[in-house]
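Please read them with the structure open.

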Amino acid sequence: MRHSESSLSIDPSSASTSSNSNRIQVVFKRNDLSIKKPETLPEYVNASAPSELASLFDELENLIGLQEAKKTMYEIYALIKINKEREKHHLKIEKQVFHMVFKGNPGTGKTTVARLFGKMFREMGILSKGHLIEVERADLVGEFIGHTAQKTRELVKKALGGILFIDEAYSLARGGEKDFGKEAVDCLTKALEDSNKDFICIIAGYNDEMEQFLELNPGLPSRFPVHINFSDYSVEELLDIATLMTREKDFELTREAKEKIRRLLTGIVNDPFQQNFSNARFVRNCIEKAIRVQAVRLMKANELTREELQRLRAEDFQV
Ligand SMILES: Nc1ncnc2c1ncn2[C@@H]1O[C@H](COP(=O)(O)OP(=O)(O)OP(=O)(O)O)[C@@H](O)[C@H]1O
């Protein structure tokens with residue numbers, strides 16, 4: 001991860017002209033913070049979701065960007081509602097499978113959304129518990145014959161009632177035919193076959209590698225019918241995330257601090273040699289570091305006002 005500003009930085013105003021530019025933008029006010037948010041929450045969700053679910057929809061809606069994830073959840077909610085109506089009229093209801101593929105770069109919100117989806121599925125009656133079991137290759141793959149199947153089965157059991165989230169799922173395909181990763185995939189495929197099982201499996205990772213992973217076993221693509229792309233955030237979205245994160249921690253960014261972060265992000269996002277940029281996680285790390293730097297600065301101050309304790313200044317962002 002690069003922490004230095006790039007010499008290739010461009011006019012910040014052009015940084016926001018991403019693929020998101022044709023979305024409807026409204027100014028969303030929560031407390032006293034103004035963040036531009038796309039207007040997406042359909043009226044039917046507002047009107048019909050019970051309170052616990054409505055507050056989870058709010059939580060989803062308040063996440064910056066993530067349009068595909070939001071749209072998918074609105075569709076699933078509508079489907080569940082309409083199925084209930086069909087039931088009343090004795091019409092057939094096709095049971096849909098909600099195992100999903102989350103495709104996107106690091107820090108684009110995949111785990112955050114998976115955790116929230118779990119709770120929302122619980123409230124919608126799709127899952128009984130809604131918890132998230134997050135695993136990676138080492139959790140699934142064993143060291144001797146039979147060990148992998150046992151480990152995988154145990155994790156599926158733990159995930160019952162909730163979500164089994166497999167991060168960097170393609171690493172299961174890393175070792176080829178002889179690797180125990182293949183055994184894990186086969187075992188998982190079998191668990192997914194049982195559509196009555198009360199759990200949802202989400203596999204996550206980078207775009208291309210996920211496509212290759214799905215080709216590994218002919219049974220896999222049809223078992224993961226829901227695909228969600230997690231795009232890299234634009235500079236404006238990352239700045240909105242920075243504002244949200246600081247607010248949630250009871251801090252605030254001065255105008256100069258925001259400009260400094262904007263310049264830094266513009267440099268990184270437009271750097272053609274930039275690799276492994278971790279999107280919102282990079283922003284979180286920057287803010288956490290700035291909070292430490294601010295603490296040292298404040299230790300030298302004569303007087304500590306409430307405002308100064310909250311204020312993150314440009315000089316606190318030492319990159
Ligand atoms: N849209 C968003 N709004 C606010 N915060 C976000 C958003 N997306 C991500 N974050 C924050 O960024 C951090 C990284 O997010 P998360 O772990 O969900 O990403 P990820 O895609 O699962 O990353 P990885 O693939 O590297 O595991 C978390 O602290 C999360 O709270």
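1. Strand 3 (residues 100-104) is mostly covered, with five of its five residues buried. This is a predicted model. In a regular strand, side chains alternate between the two faces of the sheet. Here both faces of strand 3 are covered: Met100, Phe102 and Gly104 are buried on one side, and Val101 and Lys103 are buried on the other.

2. Which strands pair with strand 3? One is strand 6 (residues 200-205), joined to strand 3 in the parallel sense over four bridges. Lys103 has Gly205 of strand 6 as its bridge partner. Another is strand 7, which also pairs with strand 3 in the parallel sense, over five bridges. On that side, Met100 is bridged to Val226 in strand 7.

3. The open sheet as a whole has five strands, in the order 4-5-6-3-7, with parallel pairing. Strand 4 (132-135) and strand 7 (226-230) each have a single partner strand and stand at the edges, so one side of each is left without a neighbour in the sheet. From one strand to the next, the twist averages 20°.

4. Val135 has Ile166 in strand 5 as its bridge partner.

5. Which residues have the most contacts inside the largest nonpolar core? They are Ile163, Ile202 and Ile203, in a core of 49 residues. Helix 5 (residues 110-123) gives the most to this core, contributing six residues. Leaving aside residues up to four places away in sequence, Ile203 touches Val101, Ile166, Ala169, Met210 and Phe224. Another core lies apart from this one; it has 22 residues, including Leu238, Leu239, Leu264 and Phe317.

6. Helix 5 also packs against helix 3 (residues 51-62), at an angle of about 155° and with the axes 9 Å apart. Angles over 145 degrees count as roughly antiparallel, and helix 3 and helix 5 are therefore roughly antiparallel to each other. Their crossing is left-handed.

7. What does each helix bring to this contact? Helix 3 supplies Glu52, Leu53, Leu56, Glu59 and Leu60, which meet Leu116, Lys119, Met120 and Glu123 in helix 5.

Methods. Residues numbered from 1 in each chain as written. Predicted model: local features only at pLDDT ≥ 70, side-chain atom pairs only at ≥ 80, totals over all residues. Pairing = 2+ DSSP bridges. Helix = DSSP H or I, 4+ residues; strand = E, 2+ residues; numbered from the N terminus. Axes fitted to C-alpha atoms, helices over the stretch in contact; angles between N-to-C directions. Core = buried A, V, L, I, M, F, W, Y, C linked by C-beta atoms within 7 Å. Buried ≥ 20, exposed ≤ 12 C-beta atoms within 10 Å, placed from the backbone. Contact = placed C-beta atoms within 7 Å. Parallel < 35°, antiparallel > 145°, perpendicular 65-115°, else oblique. Left-handed = near helix turned anticlockwise from the far one by under 90°.
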